[in-house]
Structure formats: C-alpha cells, structure tokens
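This briefing covers salt bridges, helix packing and strand pairing. Please read it alongside the sequence and the model.

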Amino acid sequence: MSACSSSWQLPDQIADVLPSEARHIEELRRQFLDTARSYGYELVMPPLLEHLESLLTGTGEALDLQTFKLVDQLSGRTLGLRADTTPQVARIDAHLLNRSGVARLCYCGPVLHTRADRPHATREPLQFGAEIYGHAGLEADLEVQLLALEGLRAAGVTELAVDMADVRIVSSLLKGATISASTLALIHAALAAKDASELDSLTAHLNGGISSAAREGLKALLQLYGDNKVLAEAEKILPPAPGVRDALQNLKWLASHVGDVKVSFDLADLSGYAYYSGTRFAIYGQGAELARGGRYDEVGAVFGRNRPAVGFSLDLKELVRVLPPRPLKAAICAPWGEDAGLRAAITRLRVGGETVACVLPGHEHKVNEFDCDRELVKAAGQWLVQPLKKAA
C-alpha cells in the first residue's frame, strides 16, 4: 500500500470525532464543569506532557505501562504524555496552590494511553475529574459521589447504580505480612477473579505470616458482594480488626447518605488498589461503568505534601457513546448578501444566542449538523425571522 493511500488512516483505537458527536461531547463538558463549579470546584488546566518522573512518581507500575514516553529535544530529558490527570492536580495542590484549608479542583482534558483499558475503548479519553484536598472526613467522600451522580443525571443517564468497596479491609487482613509488590498484585487479581485456590496458594507462605483468621477472612471476601446485607454479613464473619470495622462502618454511612440510587458492594473488588487508600466506588448506568473514584490520601506525598484527597473521573467520549444522540441544533437559514440591513440582522441574532447559517451562493442545501427550522427573509423593507417553508 502506498503512503498516499494510507495517509488518512489513524492509529488503532484512535478516532476522529465528527460534528454531532463533538457537539454532544462539548455540551457534556460544559455541563460537568458548570455542575462542579456550582459545588465550589475551581478549574485547573495541567499540561499534556511533563517530565516523566513527575507524572509517574508514586503512581505504580500500571500507570507507567499506560504512559507514552518521548525525549525532550530542548533538555534531553524523558517526558511523558499524561495517562491520568490526578498526579498533576496533586502537584498543583502541593506546590502551586499550597493552601492550608480545603481545595476543590476540577479539570477536563485529553489523556493518552499506550493501550486501551477495556475492549472497544479509545486510547485518547477526554477525562473529566473533580477532587477535594485537605479533608479526611467522609463528608468529602460523599460530596464527590453526589457530584458525579448529579453530573451523570444531568447528562441523561438513567438507572444509576453505585458499587463500593474499601481497600483498607484487605490491607488490614494482610497486616504483619511482608509482601512484595508482585505478590500483592497477584493477591488482588485472585480476589477480583474470585479464585479461591489461587488465593490459598498465594497466602499460604507469606513472609511474616498472617493469622488463620485473616486467611479465612480473605477467602470470605470472595463471597461478600451484593446489597446492604453484605455489610452485615461481613461484620459477622470478618476478623474484628480495627481497620476492617472502620471500613465497614464507613461504607454503611456512605450508602445511607448517597440518596435515591441503587447501592451494591463487592469487598473483593479493589480496582486501582495501588492508587486508593480507603473507600473506592464505581458508578454504572446505561449498562456500562461510567465513573470511578475514591480516596487516595497518599497521592500528594511524593510532592512533599501528604494530605487527604478524594475524587473521581470519567471519560466523556465513553459517556457520549452510551447516551442517545442529541437532535440536530435548531438554526436560522439566511441568504448570503452584502446588504447592510441583512448583515446587521444576522449579527443581532448571533449576539442573541441564535445559530445563523448563511447559505453561500450555489450551496443552497441544508447543512446536516443544523436543523434550519426558520429563515431570514426580507418583508416590507425589513429582515424578519419566519418559519422555514418546507419543500413540498
């Protein structure tokens, strides 16, 4: 194949966004940012690329593998194209804002992944996120969940459901054992896969050891998923370690305050365990996972400021794919002309918020992105907006 014949092709799982979908995404972006602002969140715009060590410090191997890397022609240092925005916002909170109290920050911009994180996903998500720094209480955890739910409802998502867990349950059960990062990853994978035999094998000979009660507790997690009854069952069968009890009480409190939404729990699902330090949640709707978040109190430590943090993020491109397409935008068709009255009328309409599409000479066809339901016509010496006369 010649270079010319393939020059229009894009890399795998990278795609152009065409007009109607692009408009829908942009409307969602504005909607989410306006919702976040109504809660008191301030917009920040981190750069798309940074020095690699700043992007990856403390984030774990998973994010490293997702990050595109390149050499800066000016400094010779290795740069990374961000695969997640949270480390950058943590840097902003720690070094640029450095506030003593609570900071509420939000962002919306592209991130790049070396590989899509799920089948049929894009490698260039448009990530919206909101984060609270400086408050360790559950009030902050609840606020980000409510903000995420309100934004999704405003976007048109129906039958929302929240799934919760807490990474402190597993970390409390494993307390006292010396575990390598690779073994810990395998343990979490076995928990997520509900693989009891693999979990037994991994925990049988841990350095430092764990109690038989803790091992049984880990196995019990494989069956602890479902509605609110899960928490009551967990209180009965899990060891009475302080971290476990506190985590279960936190989950119970959040579930009782999150509002009129279906809530479930999967105490073995620790997606993002290397990232989160406490409660974590995922929000589902339209048959898909749409948002995820939780508490990550350690995220700012690498920037010299270890303070509480909690937040969520979602991909607007993924969200728009599960929503019904929005109707074409209503517009006014106007003739092209040099008449001063016509130009003034068009300007007034546009300033007033109307979309006015001028029909260029020889192109009297409808523009697909806009539904011209009105037209600008001259009557009695004035330019007036009238209903568009449909062709018979």
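Which handedness does the crossing of α2 and α6 have? The crossing of α2 and α6 is right-handed, where right-handed means that the near helix is turned clockwise from the far one by less than a right angle, and left-handed that it is turned anticlockwise. The model is predicted, with local features needing pLDDT of at least 70 and side-chain atom pairs counting only at pLDDT 80 or more, while totals for chains, interfaces and linings use all residues. Residues are numbered from 1 along each chain as its sequence is written, and side-chain values use heavy atoms, with hydrogens and water left out. Helices (H or I, at least four residues) and strands (E, at least two) are DSSP runs, numbered from the N terminus.

**Helix packing**

- Helix α2 packs against helix α6 (residues 138–155) at an angle of about 145°, and the axes are 10 Å apart; axes are lines fitted to C-alpha atoms, for helices over the stretch in contact, and angles run from 0 to 180 degrees between N-to-C directions.
- From α2, the contact (heavy atoms within 4.5 Å) involves Leu28, Gln31, Phe32, Thr35 and Ala36.
- From α6, Leu147, Glu150, Gly151, Leu152, Ala154 and Ala155 take part.
- By class, the residues of this contact are seven nonpolar, three polar and one charged; Ala, Val, Leu, Ile, Met, Phe, Trp, Tyr, Cys and Pro count as nonpolar, Asp, Glu, Lys and Arg as charged, and the others, Gly among them, as polar.

**Salt bridges**

- There are 28 salt bridges in the structure, each defined as a side-chain nitrogen of Lys or Arg within 4 Å of a carboxyl oxygen of Asp or Glu.
- Arg30 and Glu26 form one of them, with the closest N and O atoms 2.8 Å apart; because these two residues are four apart in helix α2 (residues 19–38), about one helical turn separates them.
- Arg30 is exposed at 52% relative accessibility, whereas Glu26 is partly exposed at 25%; buried means under 20% relative accessible area, exposed over 50%, and partly exposed in between (1.4 Å probe, protein chains only).
- A salt bridge also joins Arg77 to Glu53, at 2.2 Å from N to O. Arg77 sits in the loop between β3 (68–71) and β4 (78–81) and Glu53 in helix α3 (residues 52–56), so this pair ties together parts 24 residues apart in sequence.
- Arg77 is partly exposed, at 36% relative accessible area, and Glu53 is partly exposed at 41%.
- Arg280 pairs with Asp163 in a salt bridge whose closest N and O atoms are 3.1 Å apart. This pair links distant parts of the chain, 117 residues apart, with Arg280 in strand β10 (residues 279–285) and Asp163 in strand β7 (residues 161–166).
- Both Arg280 and Asp163 are buried.

**Strand pairing**

- An open sheet of three strands has the order β2-β4-β3 with antiparallel pairing; two strands pair if DSSP finds at least two bridges between them.
- β2 (49–51) and β3 are the edge strands, each with a single partner, so one side of each has no neighbour in the sheet.
- The antiparallel strands β3 and β4 are joined by four bridges, and Phe68 has Leu81 in β4 as its bridge partner.
- Strand β13 (residues 329–335) pairs in the parallel sense with strand β15 (residues 370–379) over five bridges, and Ile332 stands opposite Arg374 in β15.
- β15 runs antiparallel to strand β16 (residues 382–387), joined by six bridges, and Ala379 stands opposite Gln382 in β16.
- The hairpin of β15 and β16 has two residues between the strands, and Ala380 there takes a positive phi near 55°.
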